[in-house]
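Open the model in your viewer and keep the selection panel at hand.

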Amino acid sequence: MSTRRSRGDGGLYWSETRQRWIAAASLGSDPSGKRIMKRASGKTKTEAKNKLKELIRDYEDGLALAPSGYTVANAVNDWLAYGLAGRDQGTVDACTSLSRIHIIPALGARKLRDLSAEDVDKWLGKLAQTLSTRTLEGIHSCLNRAVKRAMARDKVKRNVVELCSVPKGQPGRPSKALTLAQAEAVLTAAERTSMHAYIVVALLTGARTEEMRALTWDHVFLRGDPETDPPTPPYMAVWRSVRSGGDTKTRKSRRTLALPARCVEVLWQHWEDQGWDRLAAGDTWEEHQLVFCSAVGKEADASHVRRAFRAALKNANGVNAAEWTPRELRHSFVSLLSDRGVPLEEISRLVGHSGTAVTEEVYRKQIRPVIQTGAVVMDGIFKRDPKP
């Protein structure tokens, strides 16, 4: 085949070695006087010239030229490797899982510079048929941050993911609360199980699961302080959680809660049982002073707590263990207090909420008692003489 260039083609020629058309252009010289040459190849003349035009446009826009084969998978893997430094391990695990399961298999092979907003919209729309809105938001966030990092490193001109909104997904499993009868059944079923103390304390104090797993014995005062005036009852200081840095969820989550008598009773027994566990573990025991820990003293993993919780509920009357999670003990605490007429503001303080909105909308599940205040007052204002 002739290598003669057509008139007007400029730097366009056929490479026998590569069996492709090569388009080349000189873009001047760098500060050292060296010529700046850009080349692009294609199976046809048109393909080669179009690629060269794109390279020249990127150069003129001040965009460092990324490899043409840089894919969405490259961007996501780079973000997972270097963009999550300093984040909590739980965050890293969650982002990695969402990326590996949903982003890379579907979009990973796509060249990043060719990814369009339409591609992302169609992909999210398909996921919305099976995933919850919250999961979709997490997936969108992961891809958005990965592409944003790539854009900051001149791998792509713009972040098309930011142009896409998250569609509404499938409704998630709503949280629920135990009724009084169910709560009694759960407490009865949990007796003589390793989760007994955990379940009693969580249900009767409303502590978060992340706070329960981080609770240490030096923050539990089972005798209180009878010498104070008035005497201080037994209490626990909820000042830590398993979150990064050990902080509680919010500043108001740091609270000191009086312990109900039933909690004091089971915690004394739990302290004694833990002593026997320590002896049985021998040299494998790791002392962290945790109230609720693994069989060798380590911090309890959330998944292990969830499995043990469901095993403890296995024989609870009127409760399907598979349908409940430990965090719903907290929901039950709020609902049971509300059902007994405890003011919402007081419940909010007990569970460590910054305000009453979350307590009202998310946690209070039971039918609230009939609010009679208005009717009583109005009856007093507009008195009517009894009929003869």
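**Whole chain**

Start with the surface. The protein chain exposes about 23,300 Å², and carbon and sulfur atoms supply 51% of that area. Accessible areas come from the Shrake-Rupley method with a 1.4 Å probe; for residues, only the protein chains shown count as cover.

Before you select anything, note that this is a predicted model: local features need pLDDT of at least 70, side-chain atom pairs count only at pLDDT 80 or more, and totals for chains, interfaces and linings use all residues. Residues are numbered from 1 along each chain as its sequence is written, and side-chain values use heavy atoms, with hydrogens and water left out.

Switch to cartoon. The protein chain has 14 helices and six strands. Both are DSSP runs numbered from the N terminus: helices are H or I with at least four residues, strands are E with at least two.

Colour by accessibility. Of the 388 residues, 38% count as buried. Buried means under 20% relative accessible area, exposed over 50%, partly exposed in between (1.4 Å probe, protein chains only).

Among contacts with a separation of 6 or more, 57% join residues 24 or more positions apart.

**Helix α5**

Select residues 133–152, helix α5, and pick Lys 148 in it. Lys 148 is partly exposed, at 38% relative accessible area. Leaving aside neighbours within four places in sequence, Lys 148 is in contact with Asn 159 and Glu 162.

Is Asn 144 buried or exposed? Asn 144 is buried, with a relative accessible area of 14%. With neighbours within four places set aside, Asn 144 is in contact with Asn 159, Val 161 and Glu 162. Val 161 is 17 residues away from Asn 144 in sequence and 5.4 Å away, C-alpha to C-alpha.

**Helix α11**

Next, show residues 328–339. This is helix α11, and Ser 332 is in it. Ser 332 counts as buried, at 0% relative accessibility. Not counting residues up to four places away in sequence, Ser 332 touches Ala 177, Leu 178 and Leu 203.

**Cysteines**

Select the cysteine sulfurs. How many disulfides are there? The count comes to zero, where a disulfide is a pair of cysteine sulfur atoms within 2.5 Å. Zoom to Cys 95: its nearest cysteine sulfur, that of Cys 142, is 3.9 Å away. Cys 95 is buried, with a relative accessible area of 6%. Then pick Cys 263, which is buried too, at 0%.

**The second largest pocket**

Rolling a probe the size of a water molecule over the atoms shows where empty space is left. On a 1 Å grid over the protein atoms alone, with a 1.4 Å probe, a pocket is an open set of points with protein on both sides within 12 Å along at least five of seven lines; lining residues have an atom within 4 Å of a point.

The second largest pocket holds about 550 Å³. Its lining has 25 residues, and those closest to its centre are Ser 194, Met 195, His 270, Asp 277 and Cys 293. Select these five to centre your view.

Next, show α7 (196–205), α9 (261–281) and α10 (302–312), which each supply at least two lining residues. The largest share, six residues, comes from α9.

Technical notes: Points joined across faces, edges and corners; volume = space filled by probe spheres on them. Contact = heavy atoms within 4.5 Å.
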